[in-house]
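Reader: I am new to reading structures, and I would like to go through this one slowly. Could we take it question by question?

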2 protein chains.
Amino acid sequence: MTAIRMLVCVPKLWNETIEEHRRAVRDAVLGTTAALVGELGLRAVTMSRIAEESGIGRATLYKYFPDVESILTAWHEEQIAGHLRELGALRDGSGDPGERLAAVLEAYAFIQQRRHGHGAELGALLHRGEHVAGAERHLHHFLRELLAEGARAGDIRDDVSPDELAGYCLHALAAAGALPSKAAVRRLVAVTRAGLRPEG
Amino acid sequence: MTAIRMLVCVPKLWNETIEEHRRAVRDAVLGTTAALVGELGLRAVTMSRIAEESGIGRATLYKYFPDVESILTAWHEEQIAGHLRELGALRDGSGDPGERLAAVLEAYAFIQQRRHGHGAELGALLHRGEHVAGAERHLHHFLRELLAEGARAGDIRDDVSPDELAGYCLHALAAAGALPSKAAVRRLVAVTRAGLRPEG
């Protein structure tokens with residue numbers, strides 16, 4: 001909070017600094033809101049409470065976000081962008097296509113498991129947004145390319161299109177949301193990968 | 001509609017006939033509402049419209065259901081009960097455990113594909129109901145028993161519990177909702193079943 005208040009004193013003509021300041025306020029608001037929702041539940045979190053806990057004025061908060069839902073959507077967008085970066089790094093990592101695909105599938109399954117921790121209420125609120133549909137399309141495309149690469153290398157079955165296999169993977173791995181342990185998630189990934197293997 | 005109006009004239013002391021009449025009115029209301037939502041979309045369907053199209057008075061309709069949502073929920077409950085009966089008949093049919101499991105998985109995938117036809121708005125409304133959670137638990141239990149039977153027969157892998165495999169199947173087959181053809185659904189079922197096979 002101290003960092004934010006210090007930044008307010010920086011001359012406003014320095015555009016870069018203003019940009020930095022806005023980003024710091026935004027990050028503080030997003031982080032605080034996510035923490036409050038996790039702690040108190042969605043219904044208990046108000047704009048006043050967020051302003052107070054972030055250490056900014058209520059009027060300032062309203063200059064950034066019109067309501068709690070918009071803050072949560074922004075937070076969720078950043079979470080999703082982070083996940084896509086994480087999966088992208090694994091795809092572009094070392095190893096043959098099969099190993100990189102396995103790493104991506106496992107990381108995606110763990111994301112699904114963590115995501116479930118948000119709770120049903122927050123999940124229902126966040127997952128109807130257009131940004132989620134966009135991220136899902138992106139992820140589907142991303143997996144399709146990896147699967148096509150795997151099929152060319154002979155690691156992945158080629159009697160079913162990479163597009164359909166991507167849909168299968170994303171749905172099957174969503175089962176991780178209900179799993180209680182990392183070991184169970186790894187078993188789910190193994191079962192899902194067994195479905196991808198060339199026949200015979 | 002004629003059938004319903006005739007039944008109204010039957011002496012009220014005949015309890016069985018009253019029950020039959022109530023069922024006929026209820027079925028007419030559910031069928032009419034589902035057809036109207038399919039045709040006009042959820043927002044365009046009102047209680048007045050449903051009463052009119054079902055051929056009953058508005059006051060009578062309100063004796064049966066308080067609002068459009070409750071009619072849709074009742075309709076959905078009957079759909080789900082029908083699906084569970086269909087899957088139960090396949091499970092109890094002829095053939096070895098592997099064949100019966102395959103028949104159940106394929107039928108479930110086709111149900112998922114048809115279900116998607118309801119549209120996203122109706123899906124979101126119906127799928128937050130408690131009756132859906134109950135049906136999902138029932139289905140999970142149902143599949144788990146079939147998978148356990150298959151594992152004992154050596155058709156299904158036994159390095160992962162039937163419970164986890166049931167979750168995998170239900171999630172993987174939900175991908176059928178986005179598939180355009182019966183052939184694509186059958187490919188999805190084949191891929192999903194490949195994940196269930198014993199290793200090695």
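**Reading the model**

Author: A:Arg58 is partly exposed, at a relative accessible area of 45%, where buried means under 20%, exposed over 50% and partly exposed in between, with a 1.4 Å probe and protein chains only. This is a predicted model, in which local features need pLDDT of at least 70 and side-chain atom pairs count only at pLDDT 80 or more, while totals for chains, interfaces and linings use all residues. Residues are numbered from 1 along each chain as its sequence is written, chains are lettered from A and ligands numbered from 1 in the order in which they are written, and side-chain values use heavy atoms, with hydrogens and water left out.

Reader: Which residues does A:Arg58 touch, not counting residues up to four places away in sequence?

Author: A:Arg58 is found in helix α4 (residues 58-64) of chain A, helices being DSSP runs of H or I with at least four residues, numbered from the N terminus. Its C-alpha atom is separated by 7.2 Å from that of A:Met47, eleven residues apart along the chain. Counting contact as heavy atoms within 4.5 Å, the residues that A:Arg58 touches are A:Met47, A:Ser48 and A:Ala51.

Reader: Is B:Leu36 buried or exposed?

Author: B:Leu36 is found in helix α2 (residues 15-40) of chain B, and beyond four places in sequence it touches B:Gly41, B:Val45, B:Arg49, B:Ile50 and B:Glu53. Because its relative accessibility is 5%, B:Leu36 counts as buried.

Reader: How are α5(B) and α8(B) oriented to each other?

Author: Two packed helices are described by the angle between their axes and the distance between the axes. Axes are lines fitted to C-alpha atoms, for helices over the stretch in contact, and angles run from 0 to 180 degrees between N-to-C directions. Helix α5 (residues 68-91) and helix α8 (residues 130-152), both of chain B, pack at about 5° with their axes 11 Å apart. Since angles under 35 degrees count as roughly parallel, over 145 as roughly antiparallel, 65 to 115 as roughly perpendicular and the rest as oblique, α5(B) and α8(B) are therefore roughly parallel.

Reader: How far is A:Arg22 from the ring centre of A:Tyr64?

Author: A charge sits over a ring if NZ of Lys or CZ of Arg is within 6 Å of the ring centre and within 35 degrees of the ring normal. In chain B, B:Arg22 lies over the face of B:Tyr64 at 4.6 Å from the ring centre. A:Arg22 lies over the face of A:Tyr64, and its distance from the ring centre is 4.7 Å.

Terms used. Helix = DSSP H or I, 4+ residues; strand = E, 2+ residues; numbered from the N terminus.
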